[in-house]
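Have a look at the picture first, and then we can read it together.

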Amino acid sequence: MLTAYERHLLACYLANAASGLSHRDREAANLASWVAEKDNRIALGACGRRVVRRWDPDWDNVSKQEFRSLREALQDERSAASPRRDRMGRRLLRLAQTTGLSRTDIAILELLLRYQANPVFESLVSDIFNSRDHRHELNIRGRVLPLLLGISAGTVARRLRNDAPLIRAGLVSIDNDGDLKAIDRLNRLALSPAEMEQDVNRLLFDAAPPSELDWSDFDHVAGDRDHVAMLLRGAFESGAPGVNILLYGPPGTGKTEFCKTVAKRLGVTLYSVGEADEDGHEPSRRERLQELRLAQRLLSQDRRALILFDEMEDLLADGISGFGFSRGPFAAKSQGGASKVFMHRLLERAPAPTLWAMNDAECVSPALLRRMMFAFELRLPTSRVRARVWTRQLERHGIEAKPEEARALAAEFEATPGVAAGATAAARLAGGDVETVRRGVRSLSRVLGCERPPQGTPERFDPALIRADTDPAALADRLVRSGARQFSLCLQGPPGTGKSAYVRYLAERLGLEVLQKRTSDLLSMWVGETERLIADAFAEARDAGAFLVFDEADSLLADRRFAVRSWEVRQVNEMLTWMENHPLPFACTTNFGDHLDPATLRRFTFKVALDYLAPEQAEAAFRAYFDMEPPACLRDFAALTPGDFAVVRRKAEIMDLLGDPAALAEMLRKECEAKPGRPQVVGFRA
């Protein structure tokens, strides 16, 4: 059933069309027939009953006199007192105030919306102006808009230019054939019930739900986190345009959750735009951009509104050219440079602060990146933060767990908050416990690569069991007392002598977490990628306040004098640059100290050469690992390491030989014999 205001609109449209048509026009007969049709007479109310007394709905043409009478009747009805706007009409006026629409813009947009939302208006357009060339009736080149609105074709064209408010705000789109369409989201102006929020912004855009994370869950990136909050606070206070912040990082690291968290921190409303069309289906790239432009326009006057555009990759044409966006049939531009200019201006003139989230910033052109005010990388959280996330998720899903069990999950898996939430939710559905959670996250780790070896100091570790040219315990004591943070170590020696274990021990003494990088984590087949990964590793350690360790560093710091390829020199240069400027503890371990570039050795604060255990150390290790006095033959084994004792203990536990000193000694002897070559004097050679 039509409202009084909608019946008045129909009369206005019909009167305008009749005034612009001749009785000879095919549309004139269509108009007379449409008005005479029974259902339309009912829709028109009093107007319909008055103007259709003599019309046959099946007439193919009308005389000049008959059409003049129809035109006069419609004009009289249009001139009658205008009823109060209905709910959609009032909301449309509020929208116009926010977006700066003129009266003509409002008329165009209202016709498009009524046509899309109401079958009577659709019938009026389709039945009267059925297109013979199969063109959409509401086409920018057609007669429908000028006739129904009573304005010139030139006025319509001017109000639908790319720089006009309707197009600039994303309210109306024009496809490549010139067909017009109001953005689907505007249908909410007509369909939403009266009791819903009257604020047009909240009516058109859904506020993001609360986050499951806390501000402290981003302590591992506290510096950048706090900077983003301060930047946004300043933007809200000043109303400065062009405030764009890029958030990037692997999936599940909490980019979207951070946006919700910072919005809560600042006491503003976060609107996530472009996530789905009005039917809940996947939106096209064009639809996402239209919604973004509309949000920026509508929220520009709201000093408490923050926009999130997630999965920014959707707007990328490819990994090299940047953006490719077509603005309609009159742009006459390719998907290349012109579309980049459009996106650059969209960023530069963004009236509302906008957060852009994506997984990999490498695919964004530098020209676009430089228009961001800040780029914030969300990295994997540290072990302490992961333990806090695990504790909260386990509590949320009602899974009983001790604090040490949450810490164990954090140590065992480099799981993102998203993985933790999914694994605990699955365990709750299965009615399981912590072990069910562990099984679930381990299954995901096979495809996500988030399972990791233990990172803490090994069980039974004792710095007294390390043989080195520098007293390791004394060195740790001095570093702890000094409070120094900017230093580097190079630990060289045979496998198993305790290089990595000592670094973890030292990190624990300093109260730092270890960020361990293997050579396989850093070496890449792509040109320049190894250098980028090296730089990222130093940046990650700096942001997290972690003790950075490169295992098997001889592959990264190989002697440049023997380099065959240019990239071998470049990666050493990259390492040297970062080593000199890194503000936190940094260590390299290697089995081959004589393979390192001489320049790297000069840049290490401490160089420690580890060797096989001395006889008295081997005996002490036997007591520590097996709780018994060592056999005399142990002094004859010249190539024992703490790692050998750990391996033999595991073997003896399996074979039930922990109480047999002779068997233990024999297994240790075999470990020595399995090592290639004889024990040699080790040390650094410049």
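Glutamine 296 is buried, because its relative accessible area is 3% (buried means under 20%, exposed over 50%, and partly exposed in between, with a 1.4 Å probe and protein chains only). You will find glutamine 296 in helix H16, residues 285-298. Helices (H or I, at least four residues) and strands (E, at least two) are DSSP runs, numbered from the N terminus. Leaving out residues up to four places away in sequence, glutamine 296 touches Ile307, Leu346, Ala350, Pro351, Ala352 and Thr354, where contact means heavy atoms within 4.5 Å.

Before going on, a word on the model: it is predicted, local features need pLDDT of at least 70, side-chain atom pairs count only at pLDDT 80 or more, and totals for chains, interfaces and linings use all residues. Residues are numbered from 1 along each chain as its sequence is written, and side-chain values use heavy atoms, with hydrogens and water left out.

Now for the whole chain. The protein chain has 31 helices and 15 strands. Of its 686 residues, 51% count as buried. Among contacts between residues at least 6 apart in sequence, 74% join residues at least 24 apart.

Rings of Phe, Tyr and Trp (its six-membered ring) pair if their centres lie within 6.5 Å; planes under 30 degrees apart count as stacked, over 60 as edge-to-face and the rest as tilted. By this rule there are 17 aromatic pairs. The rings of phenylalanine 461 and tyrosine 505 have centres 5.3 Å apart and planes at 45°, so this pair is tilted. Phenylalanine 461 is in the loop between helix H22 (434-448) and strand S10 (467-468), while tyrosine 505 is in helix H24, 44 residues apart. Tyrosine 505 is buried, since its relative accessible area is 15%. Phenylalanine 487 and phenylalanine 606 make an edge-to-face pair, 6.2 Å centre to centre with 75° between the planes. They are 119 residues apart, with phenylalanine 487 in the loop between helix H23 (472-482) and strand S11 (488-492) and phenylalanine 606 in strand S15. Ring pairs also link Phe538, Phe550, Trp578, Phe586 and Phe604 into a cluster.

Charges can sit over rings too (NZ of Lys or CZ of Arg within 6 Å of the ring centre and within 35 degrees of the ring normal). Here are two cases.

| Charged residue | Ring | Distance to ring centre |
|---|---|---|
| Arginine 288 | Phenylalanine 309 | 4.1 Å |
| Arginine 304 | Phenylalanine 236 | 5.9 Å |

Which residues lie nearest the centre of the second largest pocket? They are Pro458, Ala501, Pro642, Gly643 and Ala646, out of 28 lining residues. H30 gives the most to this lining, with 7 residues. A pocket is found on a 1 Å grid over the protein atoms alone, as an open set of points where a 1.4 Å probe fits, with protein on both sides within 12 Å along at least five of seven lines; lining residues have an atom within 4 Å of a point.

Finally, turn to the backbone. Glutamate 552 has a positive phi of about 50° although it is not a glycine. Glutamate 552 is partly exposed, because its relative accessible area is 37%. Aspartate 627, also not a glycine, has a positive phi near 55°. Aspartate 627 is exposed, with a relative accessible area of 63%.
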